[in-house]
Amino acid sequence: ALAIRLADYQPYTHLVDQVSLTFRLAPTATRVKARLDLRPNPARGGGGHDLRLDGEGLRLLALAVDGRALAARSDATGLTISAADLPDGPFVLETEVEIAPEGNTALEGLYMSNGMYCTQCEAEGFRKITFYPDRPDVMARFRVRVEGDLPVLLSNGNPVAQGPGWAEWDDPWPKPAYLFALVAGNLRAHSAPFRTKSGRDVALNIWVRPGDEGRCAYAMDSLIRSMLWDEQVYGREYDLDVFNIVAVDDFNMGAMENKGLNIFNSKFVLASPETATDDDFARIEAIIAHEYFHNWTGNRITCRDWFQLCLKEGLTVYRDQQFSGDMRSHAVKRIEDVLMLRARQFREDQGPLAHAVRPESYVEINNFYTATIYEKGAEVIGMLRRLVGDDAYARALDLYFDRHDGEAATIEDWLAVFEETTGRDLAQFKRWYTEAGTPRLRMTDDFKDGSYTLHFEQENPATPGQPVKGAKVLPIAVGLLGPNGDEVVPTTVLEMTEPRQSFRFDGLPARPLASVLRGFSAPVVLIRDLRPEDRAFLLAHDTDPFNKWEAGRALAKDLLARMVVTGAQPGPDWLDALERVTLDDSLDPAFRALCLRLPSDDDMAQTLHASGHVPDPAAIYAARRRMGAALAQRLAAGLPGLIASLAEPGPFTPDARAAGRRALRLAALALLSRVDGGAAARAAFAGADNMTEEVGALSCLLDIGEGQAELARFEARWRADRNVMDKWFALQIAYAAPERAADVTRALTAHPDFDWKNPNRFRSVIGALAGNHAGFHHGEGASYALVADWLLRLDPLNPQTAARMSTAFETWPRYDADRQGMVRAVLERILATEGLSRDMREMAGRMLG
Ligand code: HT7
Ligand code: ZN
């Protein structure tokens, strides 16, 4: 397949002033009439160009220019009208096509889910609805008429008129086609009013299936808080009379920011204490905010081309992370975000799928909705802000919104507003956008005559297609602690721009201990030889909450690495330090729960590989279990008291404080289960009145090889609830012992409720096996084969979800020759499959290198 290249960008030949669409909905034969008001684009020298429209899987019924019928010249990817058939000036193009939403299993374009029509157009789904220049820099006003025998008919913008069986919508804001949306179904609304700060009244509606109205309150509350926050923090107001959100069960990703009509995976909308865990509540809040924030960062200002995807995604993730921090706890949020960054983005960046935050080429853009574009894209903005300061950041953003409102912008535009606001030259900083890979930052220090010096050396490893790279600009936030634990130098941001650089602090009475990379001020791997007692000292005294946690984490990882490599036993440094933190009531329970979370197997495999070892999944698994057991033994006496002290009287509330207490309680319960045979967890499961406790207690039992009776009870209770049953499927696989993981998964794929065409269910079964590190890599590759078989089964129906999940194999170069051989064989088998999707072909090809 042909690669698309950033270097080949050209503006579109024409401009689209207005689009009028009429949908006559029918499951197997929906008719779509389109009228486009077009004119030659002066940026392409005016007229004389053929008109090329994208279109896939469309049955063309009629085509006319200025009312004159034309013979059609369509092919597999679109339609071309020769310049000779077009007038020199503005003209009207009319088409009519037929499509079959019922047979659309790819969930891209117009499709059906539970009898309801819905759309997904990002990135290139609109071309499956009608012939159109389906590219983000073509921005037009849309007017839409929907005809169908369903009670609720929705599209973008404001409602214009409606009657039985039809509705008309008008979106006054020019937008690219990827933001188009249409929904039709038997839906009920959970509604609320909102008044913007300048006094515009907005009707907010969350549309769900009848019966689900009672599970929308948290999403609505999150939406209202997001709207207020964007007004207060970024000065951004909402700009339509209505804001609609629709929940659908069959969805490839989390949610979609279509203008005025967000469409959500139902699992990120519906929540009640009985059905949603604290993590679910937090994710709902974050995703509702994320999609809402896109209204300005993505919709009002969109991307010129898909290479600029991080322009909207990195910035919107950055904004939703800020929001969640403001709503909850900045410390806890930052730790969780870094855990995620390392688990997903560092993993990607250190393997064959590594790519730049702004890539230079792609085959299938759907394969680039990645942790690098999203999460590293957000980190890059965090660094920019740290370098220029909060005030300059605010001024740069104001300029960005002012200057580019209504435009399709680029990373160059984005950096220019920072350069102009601050007078800084960001040419070197731009490497963060153009060069892939996670920098490795080595640190040493020395102390002499009251001067303390930090020496840094950065290494930017080769990645596919990028053998050599320049030094990055690294903001390194540092604080210094004196021997008694007092902070002798508060947080200072050092700006490293050279491959090697030293920074000196004078006038210190004694050798300090440096707290480096506070707040994880740059997305790098920090390599620093520190004695366990120094790490324990930082865990006890660091004033930066991220680094306080990081010190405990590093202590645990150093120990776990030694346990894996040399068979060492957990020593007192780590056990003493963790006991102190666990029982320290002055610390936030959520923070303590995070300190109790052991490094994951995959994290250890990544870390061991980076330090020159070949990770052995079985050895990591065994060592991690020994580590958990040692901790449980050490804390055993205090656990019942801790658990009792964290009981929450009164009804469930999803706020951060209560959630943090539950998190610590469940972390303690997991440890207690190691020593009481699961008695306390069994009682907790039986008495649970909310899903957090129910799933938490069940997990404790599964973790010690118990819980079969509880699993059966859970299934009997929740059989009818798809989102809850996803947890039931996933938990059994996540906690399966390595030698049983493939068999447990295979058995669950035979379960009558394993609806593999539903992406959530597919992910909760096949994705869960890929996430069980020791199980996935066990033995003779049974799990590799099972995952590959299912990817190949899903690929012809839903290439997007299948290709995304193929990243299960991206870490193969880390492992031993046998495993490498097995994974390579699996990837070669995938590549050799006839009729493989472009999505999967690109992924398997890149992974093989
Ligand atoms: N902008 C959206 C990304 C997206 C997507 C969402 C749902 C289904 C398919 C999709 N392809 C791309 C989601 C977001 O970042 O907010
Ligand atoms: Zn987004």
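I began with Ala622, which I found in helix H14 (residues 617–635), where helices are DSSP runs of H or I with at least four residues, and strands are DSSP runs of E with at least two, numbered from the N terminus. This is a predicted model, in which local features need pLDDT of at least 70 and side-chain atom pairs count only at pLDDT 80 or more, while totals for chains, interfaces and linings use all residues. Residues are numbered from 1 along each chain as its sequence is written, and chains are lettered from A and ligands numbered from 1 in the order in which they are written.

I noted Ala622 as partly exposed because it has 16 C-beta neighbours inside 10 Å; a residue is buried with 20 or more other C-beta atoms within 10 Å of its own, exposed with 12 or fewer, and partly exposed in between, with C-beta atoms placed from the backbone. From C-alpha to C-alpha, Ala622 lies 9.8 Å from Asp601, although the two are 21 residues apart in sequence.

Next I looked up helix H7 (residues 411–422), whose buried residues are Ile411, Trp414, Val417 and Phe418. They cover an arc of only 130° around the axis, which puts them on the same side of H7; the arc is that of the directions from the helix axis to the C-beta atoms. An α-helix has 3.6 residues a turn, so residues three or four places apart point the same way. I listed what these buried residues pack against, including helix H3 (309–327), helix H5 (371–388) and helix H6 (390–404), with contact meaning C-beta atoms, placed from the backbone, within 7 Å. After H7 comes Gly423, which has a positive phi near 75°.

I then turned to the sheet, where five strands stand in the order S16-S17-S18-S20-S19, as an open sheet with mixed pairing; two strands pair if DSSP finds at least two bridges between them. S16 and strand S19 (255–256) are at the edges, each with a single partner strand, so one side of each has no neighbour in the sheet.

Within this sheet, S16 (residues 188–195) and S17 (residues 201–208) pair in the antiparallel sense over eight bridges, and Arg195 stands opposite Asp201 in S17. Their hairpin has five residues between the strands, and there Gly199 takes a positive phi near 100°. By contrast, S18 (residues 242–248) and S20 (residues 261–265) pair in the parallel sense over five bridges, with Val248 opposite Asn265 in S20.

Terms used
Two residues are in contact if their C-beta atoms, placed from the backbone, lie within 7 Å.
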